[in-house]
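Trainee: Could you take a close look at one part of this model with me? I would like to start from a single residue and then move on to the sheet.

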Amino acid sequence: MNWRSTLPASCWDAREAATIIPVEAESTSDAVFLATHSSIPITLRDQVAMTGEGGPIGTVVDEHALLRAVQEQPADQPIIPILGKSGTGKSHLVRWLRINLSTKESTRLIFVPKHRMSLRSILELILEHATGDRAKELRAKVATAVDAFVDETEAMLRLRATLSVLIETRGEKKDRTPEEVELRAYLAGPTGLPALLGDPVFRGRLLHRDGPIARLVREKLSGKGAEDKEDAFGFSASDLDLSVDDVKKAGDDACSVAGALTSDLGLRTLAATMLNEQLGSAVSEVFGIGGDDLKNLLDELRLELHRQGLELLLLIEDFSIFQGIQGGLVDAITMIPTEDHQICPMRVVMAVTTGYFTNQMPDTVFTRTYKAFELDVVDAQKTSFDPAGFATPYLNAVRVGSEGLSKAQRAGSTIPNACEQCPVNDSCHAAFGAVDGHGLFPFNRTALDRAIQSQTVEGKFVARDVLTRVLRPVLYRDQTEIDEGRFPSSAFADDFAAGARGILSNVEDKIQLTSGDPEETERRVRLVRFWGDGSGPQNLSPIVHEAFAVPSIPSLGTVVKPRPRREGGAGAGSGAGVGPVADRLTNPDSSQPQLPPLPGLVRAVDHWHETGELIQGDRTRLRRIVHGAVTAYLDLDDGFSGASWWTSGDKHLAPSFDATNGVALDDNKLADALLPISRKDNSNVRVLRALAWLDTVEDWTDIPKGDELQRLCDQKVRSWATIVGQNLIPARDRRDDPELAQLAHALLTISKALGIPEAFKADPYNRVKALFAQAPVPQDAQARPVLRRWQEVISTEGGQRIGRENLQQRLLRLASYSQGFGKPLGLDVGRLSRALRDKAADGQWPAETPSLVREACDTILSHSQALDEVRIEALALLPDTSEIPDDISDAIAALSSLFRELSTAGLLPLSIDQGSIIAAGKAVKATDQRTLEKVRTDLLRWDVLSSDERLQVLTSDWDGAAANVRAWLVPAEQALAILERRFETGPVSEAQQDYEKTRADLLAAVAGLAERFASIDEPEEVV
């Protein structure tokens, strides 16, 4: 049982919708056509070009004015154009005229339909009325010419070639501006358009199925299809907008002209004009018949009809089908009888798009035009058009059905009214509305207006769009939805969303329409949005709720009555007239109390909730608001190292919760976000809207229903914080954290590489200390460049690598405590100590650890083992004191004593600075020699050292000892060399011989040390 008792909830057969509401007017029977016809406003003009500002714009009339004009049409003004854009009802008007026009016995009527009229069909249609010898010749010519082309490809190739020849031979025109004359000469030359038309690269573009050549050939061979546009086929500038790839592959001449066309819209427009100028001649040459043949045929027919005392009336449903031969038709229809040329009168009523008629017709057409009827009503004209009056004849026809309409026509009876047999006729009309006794169900006036508005462009009513995009989809697709209680459907809401934009977009209003069943709630919202008066949440007529099986909401109370039918005007209730649809929509009752304006960000949320559209600035602000609210609930001030390291969004701290990446409002980013907020989730939208409002005021008390929204926000934000926390914060009850272990050992390796002494100790305390200790400052930062670069690579970030500081932050996030939002105040030493055990280093990385972190730690381990070049540098810089007898301090003392003795004897050369050498010797410690000898020994037994021992010997602090020894050894070697040269060249005294003997051993040892030092090569640079 439903609102119509045992009958289906709907009152029509969905299959009838496709039959009775077609795309084209000519595809229905006369019975259906007459049953669905309703008047639409037409602008009558005595002159065509009268639409300028301040000038006359014509008079609004109906179709009967057209009928009278045809009946009163004078012989010297034989043309009546029916103008309008595609879909405005030109074909419908021509058909209505054909049905209602009573012609005299002396009138021969030729109707030329728009579809499936090939070139041959058009001419044969006219030839049906011609009987003379000339007609026989033309019949034979038509049959022979068109039958020669059974293959479209051949026709297209010949048309392309013919156009090339005609452009080159006829493209230039001297009666134009100097600039156009020059451009035409360029385009018509052999290196211009002819080169492009003949190029194999552009063959595919020019002969593409949707291109002008292919479309024109199909039309001439088969006629236009229902899917073809109304405008005449021809070239446009866009057809010559060639891609870069095409240009590069073309021949030189074609490449040059194509490049020029691509970069210059004006040149492309001129090129398209030149091609279109030659289309008529090309069609005539390719198909063997052309405009002159049509002209001659009509002239022959009119001569014959004149001899019979007859006249000719030509009804053309679409002038554009004459493309290619239109010149002959224009010449024929503008020709009037004269004493010298006795032809019969001919009247022509033709449907043609406004742009084609005003821009491409020759002036002779305008001088021969009697009246023009235009279906594009300008904005300045206020009409009484009622969309309901236009729609109800179709609604009634679908209910009656095509068979019922045909039966009534055959019986000569009036069109049946299906509503008269309906058991809920009165209540349905009261709830949904009616026009002339025909009910609007399943629409009411508001729903119909909003659906129509959604399908209009610039608020203009287009009959075809209303029929095929509004009435037919609802009556065909949604009939089952109505019968099964699923209407208004989501498809209905999506199709017509633009017409209800801004109505019931406030989620708080939607909440008032909420019931226990989510699907029922959605249908109720759709019902009120489209069928309601737009003033907010409301119950509609109980009949409306019952018809769609959508229960009303008791708490809303007052039932809103349906909008009354407007009165007045010639078309009120009958569907006459047309105007901007937006002007006809009912506004909310101005007597209702108006709420204060919503804050801009709240309006942005409402718009986003309805459309998904959100400007970047509002999106960023909303994400920051949500981020701040959630972060405040995360308790990151209690044992989690401070909020900044969990909410910064830095890659090395992933997963983290930052505003940009953590909060998603875009439909296409919800799946990957940590905190997705869908505009289709009302609870999420309510909270987002409330937070946006709170961000603009001081307190919840400043927001309508602030107490309720505060509680809702508290609950929702806590749930969001739980979701975020579960993804971010590690479980504190885990004793062994594999990621912490891997991080700790990676940092420990870095500390060893930096030479931090605590890193090499085994106790947990020193190891933990080493993770954050500063690297020792070398005495001479320039002394070991290879080592310093190697340490820098291991410890610092670069490119896609993160460094020691980044890893320390991540480790602290896992194992530190803080208070408030500050930096870490303490470490979980026990947990970190367990992670630093040697066996913990063998664990595996958790899957959730970012690859950036894992790769950085792997790189650290790899670099820590790449020590060959660092070892080579160390060996090269290490002084060898192994040949100095005993202690180096004894050698230093002996050399200092020698200098003093020679100085006393006056034998010390002035070039020896004994003071600085003695001072340098005093700086050398006894332990320096032992330190250097141990380092050298370790470097020479490298293969038996452990990894830690290798790192320790390379990074330990022996630079100072080496520097001290080198500071004494270098000048000592230079002094010895001077003395040796002095002793070799001068006479040897007895005293000198005594000195020589006592110094022999010392000099030999020191000289050997100097020789070894001098032989050391500079270290190679380590990359």
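Mentor: Happy to! Arg813 is buried, because its relative accessibility is 2%, and buried here means under 20%. Keep in mind that this is a predicted model. Arg813 sits in helix α39, which covers residues 804-815. Along the sequence, 73 residues separate Arg813 from Leu740, while their C-alpha atoms lie 9.7 Å apart in space.

Now for the sheet. Strands in a sheet are joined by backbone hydrogen bonds, in a parallel or an antiparallel sense. Here the sheet is open and has 7 strands with mixed pairing, in the order β2-β1-β7-β3-β6-β5-β4. Its edges are β2 (59-61) and β4 (107-112), each of which pairs on one side only. From one strand to the next, the twist averages 20 degrees.

Let's zoom in on one pairing. Strand β3 (residues 79-83) runs parallel to strand β7 (residues 372-374), and the two share 2 bridges. Ile82 has Phe373 in β7 as its bridge partner.

Helix α3 (residues 63-72) touches β1 (42-45), β2, β3, β5 (311-316), β6 (346-352) and β7. The direction of α3 makes about 160 degrees with that of β3. Helix α17 (residues 326-333) also packs on the sheet, where its contacts are with β3, β5 and β6. For α17, the angle to the direction of β6 is about 140 degrees.

Notes. Residues numbered from 1 in each chain as written. Predicted model: local features only at pLDDT ≥ 70, side-chain atom pairs only at ≥ 80, totals over all residues. Heavy atoms only, no water. Helix = DSSP H or I, 4+ residues; strand = E, 2+ residues; numbered from the N terminus. Buried < 20%, exposed > 50% of the residue type's maximum accessible area, 1.4 Å probe, protein only. Pairing = 2+ DSSP bridges. Axes fitted to C-alpha atoms, helices over the stretch in contact; angles between N-to-C directions. Contact = heavy atoms within 4.5 Å.
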